[in-house]
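Keep the structure in view while reading.

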Amino acid sequence: MLQDVSNIRQVPDHQEVFAEPSRDESLVFELLDLKPDINDNGSAVWFLQDLANEQDAQGFTLVDHSAVVEVPIGDSSALVTTAIGQMGISKGRQGREAQNVVRVYLANLRLKNAGTDVLVVANEPILISPLSESASAVGPGLLPAAQSGFLPMSEVFKVAVSSFKVNDWSLFGGSGN
């Protein structure tokens with residue numbers, strides 16, 4: 001079951017982070033200023049590549065991506081693109097020798113009327129390195145989520161993106177709709 005990380009450690013105001021420690025999985029919602037210079041159609045791929053660079057990831061591979069789709073959000077709409085990548089990522093300050101192979105699902109919901117890029121990011125370890133700090137909680141290697149009774153992160157991601165709504169547009173500094 002995903003737990004609110006803000007109950008464990010400080011989380012930046014522009015993020016909501018949920019984690020499943022026993023599987024080293026996480027779901028992150030992040031609000032960013034709209035990046036107008038990034039093409040709508042390629043925005044999720046751009047943010048995923050940016051995340052890989054920020055994480056100093058090894059072996060980044062783009063697995064899949066979608067074209068832009070306009071979806072209603074309340075009285076407004078969002079331009080949504082998704083991307084799935086796989087990369088080697090080290091936890092915290094651990095070195096490259098402790099990298100885990102992680103599948104990353106990313107959706108960018110562009111709320112242009114609110115000047116905001118909303119990122120929904122789900123992280124699903126594919127392989128836990130025996131040298132990773134995650135290995136003590138999860139164990140090296142990894143069972144598929146469905147075999148251990150968990151909803152796969154791909155499904156958690158789909159539900160999070162498809163059910164996204166804005167309850168308070170004033171959070172964006174205006175009416176937004």
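Start at N41, which, leaving out residues up to four places away in sequence, touches S66, A67, V68 and T81. The model is a predicted one, and what follows describes that prediction. N41 sits in the loop between strand 3 and helix 1. With a relative accessibility of 42%, N41 is partly exposed. Its C-alpha atom is 9.4 Å from that of T82, although N41 and T82 are 41 residues apart along the chain.

The protein has 3 helices and 8 strands, and their order along the sequence is β-β-β-α-β-β-β-β-β-α-α. There are 177 residues, of which 42% count as buried. The accessible surface is about 9,600 Å², and carbon and sulfur atoms account for 51% of that surface. Among contacts between residues at least 6 apart in sequence, 57% join residues that are at least 24 apart.

V28 lies in strand 3 and is buried, at 14% relative accessibility. Setting aside neighbours within four places in sequence, V28 is in contact with E16, V17, L119, V120 and V121.

Strand 8 can be read through N123, whose place is in that strand. N123 is buried, with a relative accessible area of 17%. Apart from residues up to four places away in sequence, N123 touches D24, E25, S26, V102, R103, V104 and M153.

Both V28 and N123 also belong to the surroundings of an open space. Rolling a probe the size of a water molecule over the atoms shows where empty space is left. The largest pocket holds about 1,200 Å³ of space. It is lined by 36 residues, and those closest to its centre are R9, S26, V28, K91 and N123. Which elements give two or more residues to this lining? They are strand 2 (15–20), strand 3, helix 1 (43–54), strand 7, strand 8 and helix 2 (135–138).

Helix 3 is next. This helix covers residues 153–162, and its buried residues are M153, V156, F157, A160 and V161. Viewed down the helix axis, these buried residues fall within an arc of 125 degrees, so they line one face of helix 3. The cover over them includes strand 3 (25–33), strand 6 (76–89), strand 7 (100–111) and strand 8 (116–127). M153, one of the buried residues of helix 3, is also among the residues that N123 touches.

F157 leads on to the aromatic rings. A pair of aromatic rings is described by the distance of the centres and the angle of the planes. The protein has 4 aromatic pairs. In one of them, the ring centres of Y105 and F157 are 5.7 Å apart and the planes stand at 35 degrees, so the pair is tilted. Y105 belongs to strand 7 and F157 to helix 3, so this pair ties together parts that are 52 residues apart in sequence. Y105 is buried, with a relative accessible area of 7%, and F157 is buried with a relative accessible area of 7%. Another pair is formed by W169 and F172: their ring centres are 5.6 Å apart and their planes are at 45 degrees, so this pair is tilted. W169 and F172 are both buried.

One more residue deserves a look, and it concerns the backbone. Most residues other than glycine have a negative phi, and most peptide bonds are trans. D56 is not a glycine, yet its phi is positive, at about 55 degrees. D56 is found in the loop between helix 1 and strand 4 (58–65). At 46% relative accessibility, D56 counts as partly exposed.

Note on methods:
Residues numbered from 1 in each chain as written. Predicted model: local features only at pLDDT ≥ 70, side-chain atom pairs only at ≥ 80, totals over all residues. Heavy atoms only, no water. Buried < 20%, exposed > 50% of the residue type's maximum accessible area, 1.4 Å probe, protein only. Helix = DSSP H or I, 4+ residues; strand = E, 2+ residues; numbered from the N terminus. Arc of directions from axis to C-beta. Contact = heavy atoms within 4.5 Å. Areas by Shrake-Rupley, 256 points an atom, 1.4 Å probe, with all protein chains shown as cover. Phe/Tyr/Trp six-rings, centres within 6.5 Å; stacked < 30°, edge-to-face > 60°. 1 Å grid on protein atoms, 1.4 Å probe; cavity = no way out; pocket = protein on both sides within 12 Å on 5 of 7 lines; lining within 4 Å. Points joined across faces, edges and corners; volume = space filled by probe spheres on them.
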